[in-house]
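This briefing was prepared for a reader who wishes to relate the sequence to the three-dimensional model. Please consult the display below before turning to the points that follow.

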Amino acid sequence: MSQQSGILQQGATEERGENARMASFVGAVAVADLVKSTLGPKGMDKILQSMGRGQEVTITNDGATILKSIYVDNPAAKVLVDISKVQDDEVGDGTTSVVVFAGELLREAEQLVNQKVHPMTIIAGYREACDCARSVLESISFNHQADPVLFRADLLNIAKTTLSSKILTVDKEHFANLAVDAILRLKGSGNLEAIHVIKKTGGTLQESFLDEGFILDKKIGVGQPKRIEDARILVANTPMDTDKIKIYGARVRVDSMAKVADIEAAEKEKMRAKVRKIIDHGINCFINRQLIYNLPEEMFADAGVMAIEHADFDGIERLALVLGGEIVSTFDDPETVKLGRCKMIEEIMIGEDRLIHFSGVALGEACTIVLRGASTHILDEAERSLHDALCVLKETVADARVVFGGGWPEIRMAKAVEELASRTPGKKAMAMEAFARALRALPTTICDNAGLDSAEIVANLKAAHGADADSRMGVDVVRGEAGDMAELGIYESFRVRQQVLLSGTEASEIILRVDDIIKCAPRRRG
């Protein structure tokens with residue numbers, strides 16, 4: 001404890017200077033080491049078990065999912081958890097890389113601080129190195145947006161690279177095609193809401209497919225048309241249950257059973273009037289978020305209107321978007337209500353489940369990906385993997401620049417940063433060299449996770465890039481050597497690599513600036 005312990009309230013602790021810095025470094029490096037083994041095509045998965053009532057188990061190798069699920073007490077570790085979340089929201093992939101990179105920068109910084117280099121000097125060096133690496137990354141990216149055939153090939157390669165480190169790696173051809181088809185349908189709008197993912201257990205992962213239109217995981221009501229062409233759809237969120245009297249907390253005293261029947265009859269009449277109002281909109285399909293009881297269901301069936309109840313909230317918001325309608329809860333003025341449209345609604349079977357298929361929807365780019373798999377754990381992880389691929393492709397469609405993967409950009413950037421360091425006087429140069437070493441830690445980790453000799457492979461890569469400025473060599477984990485990334489088709493989105501570089505540098509900078517940690521105990525209740 002420091003000298004001015006009289007200032008802080010009872011129960012608060014303070015760590016200063018060296019201790020605080022050590023605590024930050026240790027926490028951040030520990031988090032980086034936790035996810036380090038999931039990096040790359042041969043990365044391993046983690047099992048996360050919640051200690052809650054359900055004891056749910058998640059099996060994943062998605063960096064953001066792992067870090068979101070663990071509770072950390074160390075403030076520096078929380079910074080790293082946050083940057084993986086930001087990476088996930090911004091570009092969807094590279095969540096593990098960014099944490100490993102920031103952890104390596106801090107590991108290097110720790111050595112420099114021990115050699116009496118001031119943290120601000122390290123930060124200044126890191127900043128210059130980051131600018132240099134970024135300009136190199138921009139200069140080595142290439143863009144094929146003008147040529148649809150080449151661009152599609154690029155997108156396919158990016159999807160395959162993203163999926164190769166996930167559970168879907170076995171069927172990556174199939175899923176890369178699914179993801180690219182789904183994204184190209186969006187025609188550059190980048191609205192991932194229009195891509196609906198349904199998970200159905202049973203079957204194998206290969207049986208997953210992409211369906212144009214929208215599939216809703218619900219059944220059609222009893223006695224109603226199973227197929228409607230040229231549908232006019234009212235999407236609603238309103239109670240449709242008659243047999244409960246809805247005056248909460250009120251007591252009704254009656255002197256005979258006949259009076260109870262009158263009240264029930266009045267309730268029914270009220271419901272009939274409501275159903276008539278809904279049918280007056282000139283619709284032939286009614287989709288409600290809440291329950292629909294037998295009486296209104298019967299009335300809809302008589303009117304030849306298909307009624308679908310309990311469409312879950314996510315489903316209904318997305319449904320309204322796809323069908324181009326609005327979610328309605330009052331039915332008094334039909335002319336102001338915007339109905340949803342689609343060419344056809346029919347019931348389909350997937351496995352042993354019946355689902356409702358909307359085809360020819362108003363939002364032409366809408367589509368549904370149906371995932372099949374042996375168990376819920378596999379399906380959840382498949383959905384996470386696919387989501388990563390879709391996000392990366394969305395970013396690539398928006399910014400079509402592409403770089404090779406497999407540690408190639410890191411080697412190139414490290415080389416440029418080292419050249420800059422050799423021209424820089426003072427201690428800043430030490431920080432720049434450290435930055436280059438941290439960049440090389442990514443290909444090193446990819447090799448280590450594949451059980452290869454990382455020192456030799458990275459040295460070979462360094463030599464290859466030193467001998468030929470336009471070398472395309474990166475880590476080929478399958479053969480266990482340096483390989484040509486263009487021939488192997490290992491491509492990555494420029495946006496993802498750039499985000500990894502910038503976020504990682506910023507996170508390490510934030511943690512390096514710390515020299516005091518104050519923890520306050522919560523206020524006691526009286």
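The model is predicted. The protein is divided into three parts: domain 1 (13-143 + 404-519), domain 2 (147-211 + 367-398) and domain 3 (214-363). An open sheet of 3 strands is described below, together with the area buried between domain 2 and domain 3, about 1100 Å².

**Domain 2 and domain 3**

- The centres of domain 2 and domain 3, taken over C-alpha atoms, are separated by 33 Å.
- Contact between the two involves 13 residues of domain 2 and 11 residues of domain 3.
- Of the area of about 1100 Å² buried between domain 2 and domain 3, carbon and sulfur atoms give 56%.
- E193, H196 and K200 supply 44% of what domain 2 buries against domain 3, more than any other three residues.

- Strand 5 (195-201) and strand 6 (209-212) are the edge strands, each pairing on one side only.
- On average, neighbouring strands of this sheet are turned by 25° against each other, direction ignored.
- Strand 6 and strand 14 (residues 367-373) run antiparallel and are joined by 4 bridges.
- Within this pairing, E212 has C367 of strand 14 as its bridge partner.
- Helix 11 (residues 376-398) packs on the sheet and touches strand 5 and strand 14. The direction of helix 11 makes about 160° with that of strand 5.

**Positive phi outside glycine**

- K116, which is not a glycine, has a positive phi of about 65°. This residue lies in the loop between helix 4 (95-114) and helix 5 (119-140).
- K116 counts as exposed because its relative accessibility is 65%, over the cut-off of 50%.
- D230 is likewise a residue other than glycine with a positive phi, near 50°. D230 is placed in strand 8 (residues 227-236).
- The relative accessible area of D230 is 48%, so this residue is partly exposed.

**Cysteines**

- Is C447 buried or exposed? C447 counts as buried because its relative accessibility is 0%, under the cut-off of 20%.
- C520, with a relative accessible area of 62%, is exposed.
- A disulfide is a covalent bond between the sulfur atoms of two cysteines.
- With a cut-off of 2.5 Å between cysteine sulfur atoms, the count comes to 0 disulfides.

Methods
Residues are numbered from 1 along each chain as its sequence is written. This is a predicted model: local features need pLDDT of at least 70, side-chain atom pairs count only at pLDDT 80 or more; totals for chains, interfaces and linings use all residues. Side-chain values use heavy atoms; hydrogens and water are left out. Buried means under 20% relative accessible area, exposed over 50%, partly exposed in between (1.4 Å probe, protein chains only). Two strands pair if DSSP finds at least two bridges between them. Helices (H or I, at least four residues) and strands (E, at least two) are DSSP runs, numbered from the N terminus. Axes are lines fitted to C-alpha atoms, for helices over the stretch in contact, and angles run from 0 to 180 degrees between N-to-C directions. Contact means heavy atoms within 4.5 Å. Domain bounds come from an automatic or database domain assignment. Buried area is the accessible area (1.4 Å probe) that two parts lose on being put together, summed over both.
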